[in-house]
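Here is a short briefing on one protein chain. Look at the sequence and the fold before reading on.

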Amino acid sequence: MVKQVNAAHILVKTEKEAKDLKEEILKGKSFADVAKKHSSCPSGKKGGDLGWFGKGQMVASFENAAFNANKGDLVGPVKTEFGWHLILVKDQK
């Protein structure tokens, strides 16, 4: 059972923007580069890196997406009260 996830994310205002950025990443753009350029979250400066987090530390829809994905997955767009997220699951333990 996954207890913690190490993830990065990109936060944008619209679902369309999130989908467009996901397409760019799937075509080979670096997740970190896209995060630095487009993410409205302060973590964007670090390539979207959120580090390790456990259950109960993130809003429910974000947490559910991150914990139900597999290592290496690019998940989203996921809607929260903050906007639309793309989540890169870097590791799990």
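A residue is called buried when its relative accessible area is under 20%, and exposed when that value is over 50%. T80 has 6% relative accessibility, so T80 counts as buried. The model is predicted.

- H9 is a residue of strand β1.
- Its relative accessibility is 4%, so H9 counts as buried.
- The side chain of H9 makes two polar contacts: one with the side chain of S43, at 3.3 Å, and one with the side chain of H85, at 2.9 Å.
- Beyond four places in sequence, H9 touches F31, A35, S39, C41, S43, G48, L50, F62, H85, L86 and I87.
- H9 and V89 are 80 residues apart along the chain, yet their C-alpha atoms are separated by 8.7 Å.

- S43 sits in the loop between α2 and β2.
- With a relative accessible area of 7%, S43 is buried, although it belongs to a loop.
- Its contacts, leaving out residues up to four places away in sequence, are H9, G48, D49 and L50.

**T80 and strand β3**

- T80 belongs to strand β3.
- Its side chain makes a polar contact of 2.8 Å with the side chain of H85.
- Apart from neighbours within four places in sequence, T80 is in contact with V59, S61, F62 and H85.
- Strand β3 also holds P77.
- The peptide bond between G76 and P77 is cis, with omega about 5 degrees.
- Most peptide bonds are trans.

- Helix α2 spans residues 31-38, and its buried residues are F31, V34 and A35.
- Seen down the axis of α2, these residues fall within an arc of 100 degrees, so they line one face of the helix.
- K36 and K37 are exposed, on the face of α2 turned away from the buried side.
- What do the buried residues of α2 pack against? Their partners are β1 (4-12), α1 (15-26), β3 (74-80) and β4 (83-92).
- S30 caps the N-terminal end of α2, with a side-chain oxygen 3.3 Å from the backbone nitrogen of A32.

**How α1 meets α2**

- The two helices pack at an angle of about 150 degrees, and their axes are 10 Å apart.
- The crossing of α1 past α2 is right-handed.
- From α1, the contact uses E17, L21, E24 and I25; from α2, it uses F31, V34 and H38.
- By type, the residues of this contact are 4 nonpolar, 1 polar and 2 charged.

**Helix α3**

- Helix α3 covers residues 60-67.
- Buried here are F62, E63, A65, A66 and F67.
- These buried residues pack against β1, β2 (49-54), β3 and β4.

- K55 is in the loop between β2 and α3.
- Its relative accessibility is 53%, so K55 counts as exposed.
- K55 still has contacts beyond four places in sequence: K3, E63 and F67.
- Both E63 and F67 are buried residues of α3.
- K55 and V2 lie 53 residues apart along the chain, with their C-alpha atoms separated by 9.4 Å.
- G72 is in the loop between α3 and β3.
- Is G72 buried or exposed? At 52% relative accessibility, G72 counts as exposed.
- Outside four places in sequence, G72 touches L88 and V89.
- G72 and I87 are 15 residues apart in sequence, and their C-alpha atoms are 10.0 Å apart in space.

Definitions and conventions: Residues are numbered from 1 along each chain as its sequence is written. This is a predicted model: local features need pLDDT of at least 70, side-chain atom pairs count only at pLDDT 80 or more; totals for chains, interfaces and linings use all residues. Side-chain values use heavy atoms; hydrogens and water are left out. Buried means under 20% relative accessible area, exposed over 50%, partly exposed in between (1.4 Å probe, protein chains only). Helices (H or I, at least four residues) and strands (E, at least two) are DSSP runs, numbered from the N terminus. The arc is that of the directions from the helix axis to the C-beta atoms. Contact means heavy atoms within 4.5 Å. A polar contact is a pair of N or O atoms within 3.5 Å; within protein, one must be able to donate a hydrogen and the other to accept it, and residues adjacent in sequence count only if both atoms are side-chain atoms. Axes are lines fitted to C-alpha atoms, for helices over the stretch in contact, and angles run from 0 to 180 degrees between N-to-C directions. A crossing is left-handed if the near helix is turned anticlockwise from the far one by less than a right angle, and right-handed if clockwise. Ala, Val, Leu, Ile, Met, Phe, Trp, Tyr, Cys and Pro count as nonpolar, Asp, Glu, Lys and Arg as charged, and the others, Gly among them, as polar.
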